[in-house]
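Below is a short report on one protein model. Look at the structure first, then read the sections in order.

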Amino acid sequence: MRVVIAEDAAVLRELLVQMLTMRGHEVVASVADADALRAAVAEHAPDIAVVDIRMPPTHTDDGLRAAIDIRERHPETGVLLFSQYIETKYATRLLAQGSEGVGYLLKERVANVAEFTDALERVAAGGTALDPEVITQLASASRRTEKLRALTDRERDVMKLMAEGRSNTAIAQQLHVSAGTVEKHVAAIFAKLDLPVSEDHNRRVLAVIRMLRQGPRG
């Protein structure tokens, strides 16, 4: 993959560069602020941009706003946001444009190199990679909590992995069950949540995310 990294902490930025380079990926640019990120993506047309949410100049949501701009202007470039803390409003804003080629992870996931690069590759390929904590917090904020409570513990596990963008086969391997068992759980999830059944990978991810991001009762 060709990667642009946007992270204002120099040590973490260099760590990401070294980690990805060692695994055979090409880091075409590593920058420290949102404006430089926009310029780097426009110049290099990378497969994916890894973006810290809180960056200069304001250290608020500059990275997120740059990521949304990239999604609009360069839809062929995947965007993986990462942050020290999960903030569901940021996840919702990013996902408002669709679930294809997007990800949102906690920075602590970087410590697991295999997990982080797997998420990076899924997003670059047009998939989705959401931190399990994002799914948990979106679920707790959803208006549809009564339907979510109807899910069994195993169905919740499957739903979280499904919303991360994982295939039935990957879910089966993660949970140490058969693919047929996963298919039954997926069917039950869609039935209980009144979601349209779909075999299309990204559509079913989007369906779950739409249900989760309804927001708290007003």
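## A charge and a ring

Which residue lies over the face of Phe82? Lys107 does, at 5.4 Å from the ring centre. A charge counts as over a ring if NZ of Lys or CZ of Arg is within 6 Å of the ring centre and within 35 degrees of the ring normal.

## Model and confidence

This is a predicted model, in which local features need pLDDT of at least 70, side-chain atom pairs count only at pLDDT 80 or more, and totals for chains, interfaces and linings use all residues. Residues are numbered from 1 along each chain as its sequence is written, and side-chain values use heavy atoms, with hydrogens and water left out.

The mean pLDDT (the predictor's confidence in each residue, from 0 to 100) is 86, and 92% of the residues reach 70 or more. Helices (H or I, at least four residues) and strands (E, at least two) are DSSP runs, numbered from the N terminus. Among these elements, strand 1 has the highest mean pLDDT (98) and helix 11 (residues 201–212) the lowest (70).

## Helix 3

Nine of the 12 residues of helix 3 are buried, so the helix is largely enclosed by the rest of the structure. Buried means under 20% relative accessible area, exposed over 50%, and partly exposed in between (1.4 Å probe, protein chains only). Among the buried residues are Leu64, Ile68 and Ile70. The buried residues pack against elements including helix 2 (34–44) and strand 4 (78–83), where contact means heavy atoms within 4.5 Å.

## Ala9

Ala9 lies in the loop between strand 1 (2–6) and helix 1 (10–22). Its relative accessible area is 34%, so Ala9 is partly exposed.
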